[in-house]
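Student: Could we go through this one together, starting with how the helices pack and then moving on to other parts?

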Amino acid sequence: MKIQSARFEISAPDLASCPESALREFALIGRSNVGKSSLINLLTGKRDLAKVSVTPGKTRLINFFLVNEAWHLVDLPGYGFAKTTKEQRADFNVAVADYLEERPNLVRVLVLIDSRLPPQRIDLEFINWLASCAVPFALVFTKADKQPAVVAANIAQFQKRLEDEGIAVPEIFTSSAETHKGRFEILDFIEQHLDEPLRFPDDEEEDAADGEADRPAETEPEQW
Ligand code: GTP
Ligand code: MG
């Protein structure tokens with residue numbers, strides 16, 4: 001897919017503030033500092049579209065970027081940032097959990113994992129929670145330029161951990177904001193899924209009928 005245009009649209013503090021739109025959304029999430037904003041810049045080909053931070057945990061809102069006037073890239077707050085208060089962290093988690101569980105426009109979550117590290121508990125826990133809520137996701141192993149020798153082994157270990165936990169292994173990408181690795185593969189993947197139907201297509205009727213939407217059971221992630 002060619003990128004013709006990309007611009008920041010809006011920041012939302014919670015699900016209710018997310019824009020009313022029929023456009024499909026691809027959301028990025030991962031540990032603080034894993035490279036979410038850098039990946040947005042890489043995918044859109046715009047160096048400064050999303051703020052790349054030296055201080056972990058800078059992205060605190062749900063940030064919407066409009067691409068090709070046709071779909072949204074959504075930058076979610078990173079999980080596991082240390083330098084905020086507990087209350088703030090709880091707030092972000094609720095907003096993000098709501099968004100992931102309930103946003104009809106969400107087509108895929110791209111979960112970013114640091115390719116330099118062996119499987120981390122916080123990532124596995126988060127993915128476990130996503131899978132338990134039936135939120136469709138793919139994995140992107142970031143910063144592949146930094147320690148290329150360990151990338152393949154870390155990905156293999158991660159895959160094994162997912163299999164051990166009975167989680168279906170999804171599409172896996174490797175990326176680098178430095179070498180641009182992964183850009184075309186991820187954009188192709190997004191293009192392939194652009195026409196996917198909205199989630200919860202029957203909500204309106206059901207809401208009208210009994211005020212309850214047919215959604216996955218309410219569970220909150222434990223430690224992210
Ligand atoms: P928060 O929004 O703070 O959670 O961070 P983030 O996940 O958006 O990460 P961000 O894109 O701000 O990148 C964090 C740091 O990692 C920055 O110093 C980036 O320059 C660096 N970085 C991100 N991606 C790559 C990459 O592919 N290769 C290398 N070498 N550095 C990267
Ligand atoms: Mg960021």
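**Helix packing, a loop and a strand**

Tutor: In this predicted model, helix α3 (residues 121–132) packs with helix α4 (residues 148–164) at an angle of about 45 degrees, and their axes lie 11 Å apart.

Student: What do we call α3 and α4 relative to each other, then?

Tutor: Angles from 65 to 115 degrees count as roughly perpendicular and those under 35 as roughly parallel, and α3 and α4 are therefore described as oblique to each other. The crossing in which α3 passes α4 is right-handed.

Student: Which residues make the contact?

Tutor: From α3 the contact uses Asp 123, Leu 124 and Ile 127, while α4 contributes Phe 158, Arg 161 and Leu 162. Sorted by class, the contact of α3 with α4 holds four nonpolar and two charged residues, with no polar ones.

Student: Switching topic, where is Pro 201, and is it buried or exposed?

Tutor: Pro 201 sits in the loop between α5 (183–192) and α6 (203–210), and because its relative accessibility is 68%, Pro 201 counts as exposed. Pro 201 and Pro 104 are 97 residues apart in sequence, with a C-alpha to C-alpha distance of 7.9 Å.

Student: And β6, how many of its residues are buried?

Tutor: Strand β6 (residues 137–142) is mostly covered, with six of its six residues buried. Phe 137, Leu 139 and Phe 141 point one way from β6, whereas Ala 138, Val 140 and Thr 142 point the other way.

Student: How many bridges join β5 to β6?

Tutor: Strand β5 (residues 106–114) runs parallel to β6 and is joined to β6 by six bridges; Leu 112 has Val 140 of β6 as its bridge partner.

Key
Residues numbered from 1 in each chain as written. Chains lettered and ligands numbered in written order. Predicted model: local features only at pLDDT ≥ 70, side-chain atom pairs only at ≥ 80, totals over all residues. Heavy atoms only, no water. Axes fitted to C-alpha atoms, helices over the stretch in contact; angles between N-to-C directions. Helix = DSSP H or I, 4+ residues; strand = E, 2+ residues; numbered from the N terminus. Parallel < 35°, antiparallel > 145°, perpendicular 65-115°, else oblique. Left-handed = near helix turned anticlockwise from the far one by under 90°. Contact = heavy atoms within 4.5 Å. Nonpolar A, V, L, I, M, F, W, Y, C, P; charged D, E, K, R; others polar. Buried < 20%, exposed > 50% of the residue type's maximum accessible area, 1.4 Å probe, protein only. Pairing = 2+ DSSP bridges.
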